[in-house]
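Keep the structure open beside you.

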Amino acid sequence: MEIFKQYLKDKARVTDAQFRQLEKLLGEKKIEKADFLLRQGEVCDKVFFVEKGLLRAYKVDDEGKEHINQFAPENWFITDRSSILFNYPSEYFIDALEDSELIVFENEFLIEASNISTSFREYNKNLLHNHIRQLQKRIDSLLGLPAEKRYLDFIETYFNLTLRVPQWMIASYLGISPESLSRVRKKLAAKSQP
């Protein structure tokens, strides 16, 4: 809980007194690699903050192929916003790629934190706007950027994940085949040679 508390103090300027008021709305959860937090078809009612470990959100198409939407390493949030906000069945799975330690909360926490702290309210609004901006950037990337540029954007967004995530998952996130990713990596490696 200390990592999340420090995160809120640093990012949203939540005071110790405010955090004590909110702490009752938070839960802690440890999960093992390959455990699920959400399955397709369930209604998502939780937000997860990763204190330690790595999660991913993905959907499976009718042919059984995975399409990764998001990775969530340390200090990232992950949820299905459509499901949690509108009570829709989720189209996503959320599972652990590593043994993970999480802070878990419901939408009530966001409402209460926004009521208690104007700085949290502003931070949460900015977080939502940034999320929308990132989604728009990702759509534009998938629709119009070459694979090499998508991979470079992935490295910029998830700079510490290339050694933690299997290459086929990175390829899934990028919307390309593992073979295409291998070619992109070889091409970039050749460019970096003197």
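Start at Gly175, the residue that follows α7, where phi is positive, near 75°. Before going on, some housekeeping: residues are numbered from 1 along each chain as its sequence is written, and side-chain values use heavy atoms, with hydrogens and water left out. This is a predicted model, where local features need pLDDT of at least 70 and side-chain atom pairs count only at pLDDT 80 or more, while totals for chains, interfaces and linings use all residues.

Now step back into α7 itself. Six of its eight residues are buried, so α7 is largely enclosed by the rest of the structure. Buried means under 20% relative accessible area, exposed means over 50%, and partly exposed is in between (1.4 Å probe, protein chains only). The buried ones are Met169, Ile170, Ala171, Ser172, Tyr173 and Leu174. What lies over them? The cover includes β4, β5 (66-72), α5, α6 and α8.

Helix α7 (residues 167-174) packs against helix α8 (residues 178-192) at an angle of about 95°, with the axes 8 Å apart. That makes α7 roughly perpendicular to α8. For the record, the axes are lines fitted to C-alpha atoms, for helices over the stretch in contact, and the angles run from 0 to 180 degrees between N-to-C directions. Under 35 degrees counts as roughly parallel, over 145 as roughly antiparallel, 65 to 115 as roughly perpendicular, and the rest as oblique. On the α7 side, Gln167, Trp168, Ile170, Ala171 and Leu174 meet Pro178, Leu181 and Arg185 of α8; contact means heavy atoms within 4.5 Å.

On to the cores. In soluble globular proteins, nonpolar side chains tend to be buried together. A nonpolar core, as used here, is a set of buried Ala, Val, Leu, Ile, Met, Phe, Trp, Tyr and Cys residues joined through side-chain atoms within 4.5 Å. The largest one has 21 residues, and those with the most contacts inside it are Phe4, Leu8, Leu26, Phe105, Phe109 and Phe120. At least two residues of this core come from each of α1 (2-12), α2 (16-22), β3 (47-52), β8 (100-105), α4 (107-116) and α5 (118-144). Apart from it lies another core, of 20 residues, with Tyr151, Val165, Ile176 and Leu181 among them.

Leaving aside residues up to four places away in sequence, Phe105 touches Phe4, Leu25, Leu26, Asp45, Lys46, Val47, Phe77 and Leu110. Over in helix α1 you'll find Ile3, which counts as partly exposed at 42% relative accessibility.

Next, find strand β7 (residues 93-96). Both of its faces are covered: Phe93 and Asp95 on one side and Ile94 and Ala96 on the other are all buried.

Finally, the charges. There are 13 salt bridges in the whole structure, each being a side-chain nitrogen of Lys or Arg within 4 Å of a carboxyl oxygen of Asp or Glu. Lys46 takes part in a salt bridge with Asp45 (3.4 Å, N to O) and in another with Glu106, the closest N and O atoms being 3.1 Å apart. The Glu106 pair links distant parts of the chain: Glu106 is in the loop between β8 and α4, and Lys46 is in the loop between β2 and β3, 60 residues apart. Asp153 and Lys149 also meet in a salt bridge (2.7 Å, N to O). Both lie in helix α6 (residues 147-157), four residues apart, about one turn of the helix. Asp153 is buried at 11% relative accessible area, whereas Lys149 is partly exposed at 37%.
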